[in-house]
Amino acid sequence: MGTTDFLLNKASELLETTAFSSLEWGNLIMIMVGMIFIYLAIAKDYEPLLLVPIGFGVVVGNIPAVPGMPLSVYDEGSVMRYLYFGVEKGVYPPLIFLGIGAMTDFSTMLSNPKLILLGAAAQVGVFLTFLGALVLGFSPNQAGAIGIIGGADGPTAIFLSSKLAPELLGAIAIAAYSYMALVPVIQPPIMTLLTTEAERKIRMKPSRQVSTRERILFPIIGFLVCTMLAPGAIVLIGMLFFGNLLKECTVTDRLAATARTTMIDIVTILLGFCVGASTSASHFLTESSILIFCLGALAFAVATASGVLFAKFMNLFLKDKINPLIGAAGVSAVPDSARVAQIVGQKADPQNFLLMHAMAPNVAGVIGSAIAAGVLWSQLAK
Amino acid sequence: MMFALIGEVSSSRFAPLFEETGIPLAIMGMLVVFLALTVLILIISAFPFAMGLLDRWLPVSHHHAGKAKSKSKPITNETVAHDGEIPPHILAIIAAAVFEMEEGPVRIVRTRQLTTSELAWTLEGRIRHHASHRLQTRNR
């Protein structure tokens, strides 16, 4: 064997140990998707805190593994597998809920409690999508996990799919976060279509001031009520209200500050990156992923429409009318859907400030989607 | 025969809806969500009344207030007129600002002090406004 043959042989062996040898079109497509996410986050400012970790995770997850080396989230013993443990076993979402609780101000909801119903109405999207997924041939567990995309709450969607349909986790998480980033694009046409100019101009009364004592008691009472009626929601609701109690009780400022800054940032990085890394082409580019994306869009649209229409329905009985635009904030997506209500409202009346009113159904939507997830989990995981 | 086949396919497709984990579960789920949140509404609506009773039996003690306020300047009547009211010189500034922005005669019907949560939104707005003026580095 000559030197040339020897070198060619070695070069071919070297090529086989690189990722190029097993690179497929699917991987290239997914790497492009990851890069689009990163572009949208950096250039267009679409949910950058989520899309940058997810986008980079997608790129990492689609570098083909070398045979015999445990590298991806699906390989036993790989480092990525250990990081993915928090997603697979539903550890990260409750920790994110703790941080969300420590950030959330429930006082607008406490000052105008009837707006909580808008958060409940938006959950129609969850259950209608659940039924749609059943009709399309998904199993009840898979349909439940897909339906929760309509709750517009990434951690809830990941938590429920990790419990009910781990095989769809990547697609569901990507769909949920993508549509959450697209809330400013999806919601306004639906809101405008379902409301009249006069309805969009409705000005709501300023809400009353809520005392510190009320804000301290609410997370305790709220937790008891919600978990007694839907015990399946104990993990998510428990962490949400616990975080809120840390914030409101005035004696645990350090814990609340850690939960809403450092801790939630660390968990968001791990969650986003691992979810992205789980979207390797062989697992992600399937017919069911396309269906999940279609159903996710339907879930968001139905949830938005339900909130707006329910606000109009409530107006039939109320003396002080509600601006129906804030019904769209019933899909959680905190605080983007509330911001959208404010922006659409200001297009009709630049002096109308709906943001604080919209925050009430917005945070009620978080509670509502966690309860919906609890019901689906407790009924389907039997 | 073709109609029978279509009927069979559609009935098999929609069959999962009529099982226990179909429409009945969806209806039950919506009921639980509405029930839980309605109970919350009732409890929250009773808060003002309950707080009134609680304040009578268990008055609020400001045992953490002393530490926080020790270094702050004493509040004078010039800064805050009465609880929740806005002092006249601040009102004059608000009126001038509104006149300037609206470019015409205006009548201010009502003013009120912002609550802590509202101030948080104002602060967020300010941060965003300042963040929008990023300094561009120029390559010369």
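Visitor: What helices and strands does chain B have?

Guide: Helices (H or I, at least four residues) and strands (E, at least two) are DSSP runs, numbered from the N terminus. Chain B has 6 helices and 0 strands, so along the sequence you'd read α-α-α-α-α-α. Keep in mind that this is a predicted model, where local features need pLDDT of at least 70, side-chain atom pairs count only at pLDDT 80 or more, and totals for chains, interfaces and linings use all residues. Residues are numbered from 1 along each chain as its sequence is written, while chains are lettered from A and ligands numbered from 1 in the order in which they are written.

Visitor: And how many helices and strands are in chain A?

Guide: Chain A has 20 helices and 0 strands. Its radius of gyration, taken over C-alpha atoms, is 23 Å.

Visitor: Which residues have the most contacts inside the largest nonpolar core?

Guide: In soluble globular proteins, nonpolar side chains tend to be buried together. A nonpolar core is a set of buried Ala, Val, Leu, Ile, Met, Phe, Trp, Tyr and Cys residues joined through C-beta atoms within 7 Å. Here the largest one has 143 residues, and Ile172(A), Leu236(A), Ala341(A), Ile371(A) and Ala373(A) have the most contacts inside it. Helix 20 of chain A gives the most to this core, 17 residues.

Visitor: Why is helix 9 of chain A called largely enclosed?

Guide: Because 8 of the 8 residues in helix 9 (residues 140-147) are buried. They pack against helix 8, helix 10 (154-164), helix 11 (169-181), helix 18 (287-315) and helix 20 of chain A.

Visitor: How many residues of each chain are in contact with the other?

Guide: Two residues are in contact if their C-beta atoms, placed from the backbone, lie within 7 Å. By that test, 41 residues of chain A are in contact with 32 residues of chain B. Helix 20 of chain A supplies the largest share of chain A's side, 11 residues. By class, that side has 27 nonpolar residues (Ala, Val, Leu, Ile, Met, Phe, Trp, Tyr, Cys and Pro), 4 charged (Asp, Glu, Lys and Arg) and 10 polar (the others, Gly among them).

Conventions:
The radius of gyration is taken over C-alpha atoms; the globule rule is 2.2 Å times the number of residues to the power 0.38. A residue is buried if 20 or more other C-beta atoms lie within 10 Å of its own, exposed if 12 or fewer, and partly exposed in between; C-beta atoms are placed from the backbone.
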